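Have a look at the structure first, then read on.

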Amino acid sequence: MFHRESGYYKTTYKGDMAFYPLPVGRWSVALLGVFFLVVVPLFLDPYYLSVLCLIAIAIVGALGLNILLGYTGQISIGHAAFMSVGAYTAANLITKLDWPFWLAVPSGGVMAAAIGVLVGIPSLRIKGLYLAIATLAAQFIIEWVINHTPAISGGVQASIEVPRPTFFGEKLDTEVELYYFLMAFAVIAIIATMNLVRSRIGRAFIAIRDQDIAAEIIGINVFRYKLYAFAISSFYAGVAGVLYTYYLSIANYEQFLIVVSIDYLAMVIIGGLGSVLGSVFGAVFVTLLPIVIRIFMDTFGAFFFDPVILAQVTAQFRLILFGLLIIVFLVVEPEGLNRLWLNIRNYFRIWPFSY
Amino acid sequence: MVDFNWGFFLELVVSGVLIGLMYSLIALGFVLIYKSTDAINFAQGEFVMIAGIIVGACAASYGLPLWLAISLSVGFMVVFNVGLERTVLRPMIGRPIVAIIMATIGLAALLRGAGPFFFGAGTRPLNLPIDDAPIIIGDHFIYLNPIHLLGASAAVLFLLGFGWFFLKSRKGVAMRAVADSHQVSMAMGINVQRYFALAWVMAGVVAALGGVIWGSLLGVDTQLAIIGLKVFPVVILGGLDSIVGVIVGGIIVGVVENLAAGYLDPMVGGGTKDFTPYVLMILMLMFKPYGLFGKPIIERI
């Protein structure tokens, strides 16, 4: 973490491509892994474990949006709708065809990716504001279609109950098991994204983000890569939707309203656009924010507000703080928590000789 | 189609036009900002909401006379928007458009929390001093809601006023110049930042008016902000930077959603009203992205 190279000693391409070129980097990552995979589930209260589960789901979704918004520069206000596509696809497959999770999760993702490509098609001609509005429209249309098609939404209340996933005949019904299940997907998503963004596709995404006309001139098929970006991003969203369905044991469109899309946008922006670590920070931050506010209000809120309206005030307070944070980050620190973290790290890397 | 009910059809169309004009009023605030500052305001609906809530809170809860409540609300919107322009939007000049969109989305969340936080969450009535008995025209019984009529005429008045402002007045011409190119207008001696502030102030005033009219129709609470979502089909259909487009787009959206509610809803079981304008908008985006009256953007490296 706060280690520093003493020089540039890479002699092979393999060494150059490594995520963590120094042993100390590898060790700290391994230590983090052990901490989260062994220590945390052993000693943490089930309530906090379920919070960590939520964070794991949010990480998958936020990574997806960051690929689209942070790396390719295409805004989407319909991320939650893609999640709902994945969620309902998987819920139907699980309940009607009895599919196991290792088929249901990717198929939810693939379905979301297909819809995502469909929504991404206008991105060839439009960008910026127009794309934002088109994806907003997609959010409403998908919401409406799911809600009004009993074959998808399961009829009553538009919700489908889903059993917990089974792993080699073992039903994952405790918090610890669910934690491992969701964490595994979060880790896979993180590693996949880290590799994606330094591949040919990832570099094409970044070129499109920085200047799409220039990217086209140097030979990138902009339309195709924009569609790739939409497909990959929606795949992540779909997977996150399926995971959330497993977590809640129910698929319900009310979990995927436009507010959720904005939550994910906030994660990506507060965390840091165009950074994997930023998505993780953002997911942690935005998931924890309402919980911290609620704990704070439960403890101190009674001094300021009438207990009858306390729940309402808490929700309003959350919205205010949330909006304020988005604005402050955009104005003051556009690169988000990730930049703050890098600043801290760089400070200590050269400390105490800071010039 | 032997027994096609023309009276019903006509009623849907007429009230659609009136409602559409009221949408135009809200959309006008959006276009004003886009036209002169190139910023995109996703919080227009929340502006309308907060203005309506202030009027409602002052008039219904604190018992102020209506004219005072409305002027307070307009005053608040002016001060708020000037402050907003200073603190949030000015530092963001020159940043990618996505950043500005996100900032206004954040602002929308902030306002949606702040409105009920400071003024209470209940729905308040907002009664304008006009008779709300429907006006009946002809033998086909076309009902006109007087509030619709008032709203539509206020909208037309404002739209004409701003049309004149942009085409004829000195400030309006300066504002169009600012919209075209910030740098060139600075070189010509226009105080660009002052015109940015002016655009936000005008949008605030329009939002306050919209808040009063829509609030009197629906009652004021946070649900009023949903009107803001209707703005997007209106501006996309009409073209983002055109005042004529706002009127036409508003009328199209109003009529289409009324017809959908009248004819499609019984068939599919409701909700088409919120959804057909967006379908129309998607089609428009696919075939003519800059709208009926918008100005195509040519990009160079």
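Of the 301 residues in chain B, 49% count as buried, where buried means 20 or more other C-beta atoms within 10 Å of the residue's own, exposed means 12 or fewer, partly exposed is in between, and C-beta atoms are placed from the backbone. Bear in mind that this is a predicted model, where local features need pLDDT of at least 70 and side-chain atom pairs count only at pLDDT 80 or more, while totals for chains, interfaces and linings use all residues. Residues are numbered from 1 along each chain as its sequence is written, and chains are lettered from A and ligands numbered from 1 in the order in which they are written.

**Chain B overall**

- Chain B has eleven helices and two strands, taken as DSSP runs numbered from the N terminus (helices are H or I with at least four residues, strands are E with at least two).
- Reading from the N terminus, the order is α-α-α-α-β-β-α-α-α-α-α-α-α.
- Its radius of gyration is 20 Å, close to the 19 Å from the globule rule for 301 residues, so chain B is as compact as a globular protein of that length; the radius is taken over C-alpha atoms, and the rule is 2.2 Å times the number of residues to the power 0.38.
- Along the principal axes, the C-alpha atoms of chain B fill a box of roughly 65 × 50 × 35 Å.
- Among contacts in chain B with a separation of 6 or more, 76% are between residues 24 or more positions apart; a contact means that the two C-beta atoms, placed from the backbone, lie within 7 Å.

**Where chain B meets chain A**

- On the chain B side, 38 residues are in contact with 39 residues of chain A.
- α4 (97–119), α9 (227–238) and α11 (276–287) of chain B each supply at least two residues of that side, and α4(B) gives the most, with 17 residues.
- By class, the chain B side splits into 31 nonpolar, four polar and three charged residues (Ala, Val, Leu, Ile, Met, Phe, Trp, Tyr, Cys and Pro are nonpolar, Asp, Glu, Lys and Arg are charged, and the others, Gly among them, are polar).

**Helix packing**

- Within chain B, the axes of α1(B) (residues 6–37) and α5(B) (residues 146–168) come within 8 Å and cross at roughly 40°, which makes α1(B) oblique to α5(B).
- The contact of α1(B) with α5(B) has 15 nonpolar, four polar and no charged residues.

**A residue to look at: A:Phe285**

- A:Phe285 sits in helix α13 (residues 276–304) of chain A.
- A:Phe285 is partly exposed, with 19 other C-beta atoms within 10 Å.
- Setting aside neighbours within four places in sequence, A:Phe285 is in contact with A:Ile270, A:Gly271 and A:Leu337.

Conventions. Axes fitted to C-alpha atoms, helices over the stretch in contact; angles between N-to-C directions. Parallel < 35°, antiparallel > 145°, perpendicular 65-115°, else oblique.
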